Amino acid sequence: MRKPSSRTRAVLAVVAVTALGVAGCDAGGGSAPVQEGTKAHAARPAPVWNRTPDSIAAVGDSITRGFDACTVLSDCPEVSWATGSDARVDSLAVRLLGAAGAAQHSWNYAVTGARMADLPDQMAQAAARGPELVTVMAGANDACRSSASAMTPVADFRADFEEAMRTLRKESPKAQVYVASVPNLKRLWSEGRTNPLGKQVWKLGICPSMLSDADDLTSAATRRRDQVQQRVVEYNEVLKEVCAKDRRCRFDGGAVYDYRFGTDQLSHWDWFHPGKDGQARLAAIAYKTITAPDPVA
């Protein structure tokens, strides 16, 4: 047989190396083709959001305290949407923990009249309990001031909410946070002004920037209410943006703001705060957001 030329030997060598390389890949397994979906599944991080937390702390304002839901100008925390025990409300805590669990493992640190500036202190109290979930409903009192010009500036509102979140994260880095949007105050004015008794209670100082001179429909009054409403929209955008930066925070996507509260859902003492039926609707919105497989887009 004729001895192969040098060029032929080179070609055979390349073919042999290539064949060995392919065989090595198949035999070694380290670089073997991965079945479709296997690699993606292995790299997928563990879920961050727990849809069944076993303890809850609530922070916020009069709405979370059940103000005016039972008696005039009084808190009624037993009907709170977040932590209440009233069966007609079926609070978030009861829905998630059961009645016995809610009684032992839920705490309400909301304060009637509180503004966003008060939230860091409330968060510190909540964090001390080590809750798995903290609910936030605040901002209405930042818009409900003596006048539209007295409303909390948006920049201050943002800074206060960010501080509240930092306060929580310092003590409870893994606590989940549910943030409810600020209600549509102009809608509450529109619904409540149909009741003469409610308007008399409004004169005692409930949300003057929106509710004062309830029947005044002049351009100046309309402009004032629109200014308050726009500030609420801006507050909700802040809540959404700050919450989005925290992977353990869920905003309700504007569900509370968008909910069309009617007179059946309002307190029959002041026709502005949620009554028991309204508290139940808030509990349902919170439960839906918290137990959803994915956050609201």
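Which pattern do the disulfides of the chain follow, with bonded cysteines counted along the chain? The pattern is 1-2, 3-4, 5-6. The model is predicted: local features need pLDDT of at least 70, side-chain atom pairs count only at pLDDT 80 or more, and totals for chains, interfaces and linings use all residues. Residues are numbered from 1 along each chain as its sequence is written, and side-chain values use heavy atoms, with hydrogens and water left out.

A disulfide is taken as a pair of cysteine sulfur atoms within 2.5 Å. By this rule there are three disulfides. One joins Cys70 to Cys76, with an S to S distance of 1.9 Å. The torsion about this S-S bond is about -65°, so the disulfide of Cys70 and Cys76 is left-handed. Burial is judged by relative accessible area: buried is under 20%, exposed is over 50%, and partly exposed lies in between (1.4 Å probe, protein chains only). Cys70 is partly exposed because its relative accessibility is 26%. Cys76, at 2%, is buried.

Another disulfide links Cys144 and Cys207, S to S 2.0 Å. The pair connects distant parts of the chain, 63 residues apart. Cys144 lies in the loop between α5 (140–143) and α6 (154–171), and Cys207 in the loop between α8 (196–202) and α9 (208–211). Helices here are DSSP runs (H or I, at least four residues), as are strands (E, at least two), numbered from the N terminus. The link of Cys144 and Cys207 is left-handed, with -80° about the S-S bond. Cys144 counts as buried at 10% relative accessibility. Cys207 is buried too, at 5%.

Cys243 and Cys249 also form a disulfide, with sulfur atoms 2.0 Å apart. Their link is left-handed, at -115° about the S-S bond. Both Cys243 and Cys249 are buried.

The largest nonpolar core has 70 residues. Such a core is a set of buried Ala, Val, Leu, Ile, Met, Phe, Trp, Tyr and Cys residues joined through side-chain atoms within 4.5 Å. Trp81 and Leu185 have the most contacts inside this core. Helix α10 (residues 219–244) gives the most to the core, with seven residues. Contact means heavy atoms within 4.5 Å. Leaving aside neighbours within four places in sequence, the contacts of Trp81 include Ile63, Val89, Leu92, Met137, Tyr178 and Leu282.
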